[in-house]
Amino acid sequence: MKNSAPTVLLGVTGSVAGSRAIELASQLTKGGYLVDVVLTSGALHFVRPLAFEAVTHRCAYTDESHGILAGRAIHIELAERARVVLVAPATADLIGRYACGLAPDLLTSLLLATAAPVLLAPAMNTQMWKHPAVRDNVALLERRGVRFVGPESGLLSCGTEGPGRLWPVDQLYAKIRELVPAETHLLHPSKQGRKELAAPGQRPFSLPSEEDKSKEVSEMAEKKKPAKKPTTRKTEKNSKKAPTSKKK
Ligand SMILES: Cc1cc2nc3c(=O)[nH]c(=O)nc-3n(C[C@H](O)[C@H](O)[C@H](O)COP(=O)(O)O)c2cc1C
């Protein structure tokens, strides 16, 4: 089955709010989107690619994946596949790199390469959010058309209270739905039997197709069958027992 679900590129950066991006990836996938996840090296301190792969049923990419994907530079391929790019959580560092037009890693490279709408969902300590450098970077990016969703105010994990909390996952999901509606009736990726291409340096990640699965099942069944013994027909001659001579 050809999959026409829109692709959301979810960027994840180094924040304690990283685990909420797993919930978001799961919700987007269940909502009918294909979700390509790109994690920065900072994000890897908090969350692992496998958690995202388990909920999106697709490869999750890191800086280790830098190379060729589907015959193209990976940041270009991912940038062009995306109907929308959402970075959640977005750190002060990521916002700064993006505002300066720096592209030292996969996520910032594709942010510069994409023509899709970009949404940033910041998460950081209140003082960081209020810092003039961050305020200037946010204002500069907004002038360039980047949309900011959140942060909301509340008690932060660092113990301070104020703006800096990642926007609620449900609201981030609703924002994506508003920008890029998806057909909810589309098959969940786990039912689509897609095979994902692995980038260099990354383990291949693939889902078996229904055809592969049934082949696998019949091969297993074949293996379980007991090996056939060579059939020896009993003839009158060899069925006759030789007289046994008992030693006394
Ligand atoms: C425990 C811990 C929590 C952090 N949480 C945040 C955060 O919520 N927001 C933020 O902007 N930076 C946070 N940082 C700092 C970033 O991880 C750091 O700036 C890193 O370079 C970000 O890299 P990245 O933007 O490439 O992911 C945190 C650091 C640590 C050690």
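The legends below describe close-up views of one predicted model. Residues are numbered from 1 along each chain as its sequence is written. In this predicted model, local features need pLDDT of at least 70 and side-chain atom pairs count only at pLDDT 80 or more, whereas totals for chains, interfaces and linings use all residues.

**View 1. The chain as a whole.** The chain has 10 helices and 10 strands; helices (H or I, at least four residues) and strands (E, at least two) are DSSP runs, numbered from the N terminus. Of the 248 residues in the chain, 36% are buried. A residue is buried if 20 or more other C-beta atoms lie within 10 Å of its own, exposed if 12 or fewer, and partly exposed in between, with C-beta atoms placed from the backbone. Among contacts between residues at least 6 apart in sequence, 75% join residues at least 24 apart; two residues are in contact if their C-beta atoms, placed from the backbone, lie within 7 Å.

**View 2. Packing of helices H3 and H5.** Helix H3 (residues 74–81) and helix H5 (residues 106–113) pack at about 55°, and their axes are 8 Å apart. Axes are lines fitted to C-alpha atoms, for helices over the stretch in contact, and angles run from 0 to 180 degrees between N-to-C directions. H3 and H5 are therefore oblique to each other; angles under 35 degrees count as roughly parallel, over 145 as roughly antiparallel, 65 to 115 as roughly perpendicular and the rest as oblique. On the H3 side, Ile74, His75, Ile76, Leu78 and Ala79 make the contact, and on the H5 side Leu106, Ser109, Leu110 and Ala113. By class, this contact of H3 with H5 has 7 nonpolar, 2 polar and no charged residues. Here Ala, Val, Leu, Ile, Met, Phe, Trp, Tyr, Cys and Pro count as nonpolar, Asp, Glu, Lys and Arg as charged, and the others, Gly among them, as polar.

**View 3. Burial of helix H5.** H5 is mostly covered, with 6 of its 8 residues buried. These are Leu106, Leu107, Thr108, Ser109, Leu110 and Leu111.

View 4. Of the 15 residues around the ligand, Thr13, Gly14, Ser15, Gly42 and Thr91 come nearest; a residue is near a molecule or strand if its C-beta atom, placed from the backbone, lies within 6 Å of it. Helix H4 (residues 92–99) provides the largest share of the shell, 3 residues. By class, the shell has 8 nonpolar, 6 polar and 1 charged residues.

**View 5. Arg147 in strand S8.** Arg147 lies in strand S8 (residues 147–148) and counts as partly exposed because it has 15 C-beta neighbours inside 10 Å. Not counting residues up to four places away in sequence, Arg147 touches Pro117 and Leu119. The C-alpha atoms of Arg147 and Leu120, 27 residues apart along the chain, are separated by 6.3 Å.
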